[in-house]
Amino acid sequence: MNATIALITLRAMLGRRRVWLLLALPMMLLALAVALVVTGNTDTGTAAGVLERFALATLLPLLALIAGTGVIGPEIDDGQIMYILTKPIPRHVVVVTKLAVAIGLVAVFAVVPTVLAGMVLVGDAARLTSAFAAGTLAAGIAYTAVFVALAVAVRNAVTVGLLYALVWESLLGAFVPGARSLSIQDWGLSVADAITSASAVHASVRTPAAVLLLVCVTVLATVAAAMRLRTVTVTGAE
Amino acid sequence: MSVLRLENVSRWYGNVVAVNGVSMSIGPGVTGLLGPNGAGKSTLIHMMGGFLPPSSGTVTLDGEPVWDNPGVYRRLGLVPERETAYDFLTGRQFVLAMAKLFKLPDPGAATDRALALVEMTHAQHRRIGKYSKGMKQRIKMASALVHDPPVLLLDEPFNGMDPRQRLQLMDLIRRMAAEGRTILFSSHILEEVERVAGHIEVVVAGRHAASGDFRAIRRLMSDRPHQFLVRSSDDRALAAAIIADGSARAVELTGKGIRVQATDFRRFTWLLPRLSREKGVRLWEVSPADESLESVFSYLVNR
């Protein structure tokens, strides 16, 4: 972890229009939660549905995509990463620092709003809110690591990431039984499943396997990103 | 001794060879890397700076490879041509951040020194996004100097500078070289290079074309045969007279005039008006046919 890199990254992420993008999605989640409370739909079934389909399956991957690609992608595209890479700092420190900043942003802009939405809807009935706090945090870490690695490895990381989150996980996951168990979303749901007693929450992968997969994916993605960053060549060379 | 050594370095992208078998040794003092646009200067500097790996050959700084070796940056400073610094930081914040990334014992003092060296102290609290092009260039230089590196690489540093800024930068480069540093900068303008560089390396079409001090390079460049295109009222008579004189190596009668290859440039320019007067030939057009830098450079390569 390098404090200077973290600060520059944070300033870059929060100083521009991107911060509105980061705020827009959680605002929608909270608005939805408030609307449901106002209309009296506060049973655990509805709450689980909102937390699973909106918070975990939509808000979280999109936010992780914005944060994960945003902390390193633009710098590589503009060539400014050069200022970080031409210093006596090991590449994995750069990757881990940026990953940490991205995870922090995901925690603030996805996990916290999920907790707030849950509290507003059902308090912590059936430990639903705690469950989804843990689930979104666990899945969020994995998502972010994958998207950071994507941003280092490919040029249109955002497009590829969207394809993964929307096509693979949401679409295929809904229709192809096998695909479901190969999604970070499901592994996060499995973590939530272990904590909540609500029957509406049910994952297709058992929790110990899910946790293991989350850890593996996170570690592999981080290592891949660090290795790939070593060989990032300057763009825009003649 | 800080010596940057390239040994038989080549770099290709698929079928395109950007740099072809270049070997050179850059030692203390100011070295100018001269060549037309597209010659491979930027590619060479990027390889020297550890941004690009050579496809073959080695690039070393005091024996250590530059590629994939972050530690080398303690002794290397780079001023890239294109990459702009972070717009949202002030000049001071940026240079200070760089100083901290270099793990300097006193980043604040180093920042002050670097800013003073490039004369940016007055604008240090303004955001880089608001700087003029010259100021951005200078803040990039400050960030490259903050750790006091013995080797400095500058990619086309004079691009876009007005004459005053150019003089200031030349002055700065000279001062730093006088402290014993190894400085390499690239340019496609011989006049820029010869004013500052003690030693010049010429690169053309990816090859190392020539090497020497500026006088030697100048001589190489002006001792070539010059081509002229002459249109007159009696091409044939003029051509015969020019050949008879001996200051031209070849004269070609084309439908559009005479093409002369003059080996003695000075004599020919004196000769032509005299000859045309003597023969009663009217000159309609006299134009140099190969004054472009590229043709000069390609002459050097084909020697």
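Biologist: Which residues of chain A does B:Tyr73 touch, leaving out residues up to four places away in sequence?

Modeller: First, a caution: this is a predicted model. B:Tyr73 lies in chain B, in the loop between strand S5 (64–65) and strand S6 (76–79). Leaving out residues up to four places away in sequence, B:Tyr73 touches A:Thr86, A:Lys87 and A:Pro88.

Biologist: Is B:Tyr73 buried or exposed?

Modeller: The cut-off for a buried residue is 20 or more other C-beta atoms within 10 Å. B:Tyr73 has 22 such atoms, so the residue is buried.

Biologist: How far is the C-alpha atom of B:Tyr73 from that of B:Asp245?

Modeller: B:Tyr73 and B:Asp245 are 172 residues apart along the chain. Their C-alpha atoms are separated by 60 Å.

Biologist: Which element gives the most to the side of chain A that touches chain B?

Modeller: The contact joins 21 residues of chain A to 25 residues of chain B. On the chain A side, the elements that give two or more residues are helix H1 (3–15) and helix H5 (81–85). By class, that side has nine nonpolar, seven polar and five charged residues. The element that gives the most, with five residues, is H1(A).

Biologist: H1(A) also packs on H6(A). Is H1(A) oblique or roughly parallel to H6(A)?

Modeller: H6(A) spans residues 91–122, and its axis lies 9 Å from that of H1(A). The angle of packing is about 45°. That makes the pair oblique.

Biologist: Is the crossing of H1(A) and H6(A) left-handed or right-handed, and which residues of H6(A) take part in the contact?

Modeller: The crossing is right-handed. From H1(A) come A:Ile5, A:Ala6, A:Thr9, A:Leu10 and A:Met13. The contact has eight nonpolar, two polar and one charged residues. On the H6(A) side, the residues are A:Val94, A:Thr97, A:Lys98, A:Ala100, A:Val101 and A:Leu105.

Biologist: Next, H2(A) and H3(A). Are they roughly parallel or roughly antiparallel?

Modeller: H2(A) covers residues 18–38 and H3(A) covers residues 44–70. Their axes come within 10 Å and cross at roughly 175°. Angles over 145 degrees fall in one class, so H2(A) and H3(A) are roughly antiparallel.

Biologist: How many nonpolar residues are in the contact of H2(A) with H3(A)?

Modeller: H2(A) brings residues including A:Leu21, A:Leu25, A:Leu29 and A:Leu36. H3(A) brings, among others, A:Val50, A:Phe54, A:Leu59 and A:Ile66. Two residues of the contact are polar and one is charged; the nonpolar ones number 15.

Biologist: And H7(A) with H10(A): roughly parallel or roughly antiparallel?

Modeller: The axes come within 8 Å, and H10(A) covers residues 184–195. The crossing is right-handed. Its angle is roughly 155°. H7(A) and H10(A) are therefore roughly antiparallel.

Biologist: Where is B:Asp148, and what is its phi?

Modeller: B:Asp148 sits in chain B, in the loop between helix H4 (133–145) and strand S7 (151–154). With 16 other C-beta atoms within 10 Å, B:Asp148 is partly exposed. Most residues other than glycine have a negative phi. B:Asp148 is not a glycine, yet its phi is positive, about 55°.

Biologist: What is phi of B:Ala205?

Modeller: B:Ala205 is in the chain B loop between strand S9 (199–204) and strand S10 (207–212). B:Ala205 counts as partly exposed, with 18 C-beta neighbours inside 10 Å. Its phi is positive, near 45°.

Notes. Residues are numbered from 1 along each chain as its sequence is written. Chains are lettered from A and ligands numbered from 1 in the order in which they are written. This is a predicted model: local features need pLDDT of at least 70, side-chain atom pairs count only at pLDDT 80 or more; totals for chains, interfaces and linings use all residues. Two residues are in contact if their C-beta atoms, placed from the backbone, lie within 7 Å. Helices (H or I, at least four residues) and strands (E, at least two) are DSSP runs, numbered from the N terminus. Ala, Val, Leu, Ile, Met, Phe, Trp, Tyr, Cys and Pro count as nonpolar, Asp, Glu, Lys and Arg as charged, and the others, Gly among them, as polar. Axes are lines fitted to C-alpha atoms, for helices over the stretch in contact, and angles run from 0 to 180 degrees between N-to-C directions. Angles under 35 degrees count as roughly parallel, over 145 as roughly antiparallel, 65 to 115 as roughly perpendicular and the rest as oblique. A crossing is left-handed if the near helix is turned anticlockwise from the far one by less than a right angle, and right-handed if clockwise. A residue is buried if 20 or more other C-beta atoms lie within 10 Å of its own, exposed if 12 or fewer, and partly exposed in between; C-beta atoms are placed from the backbone.
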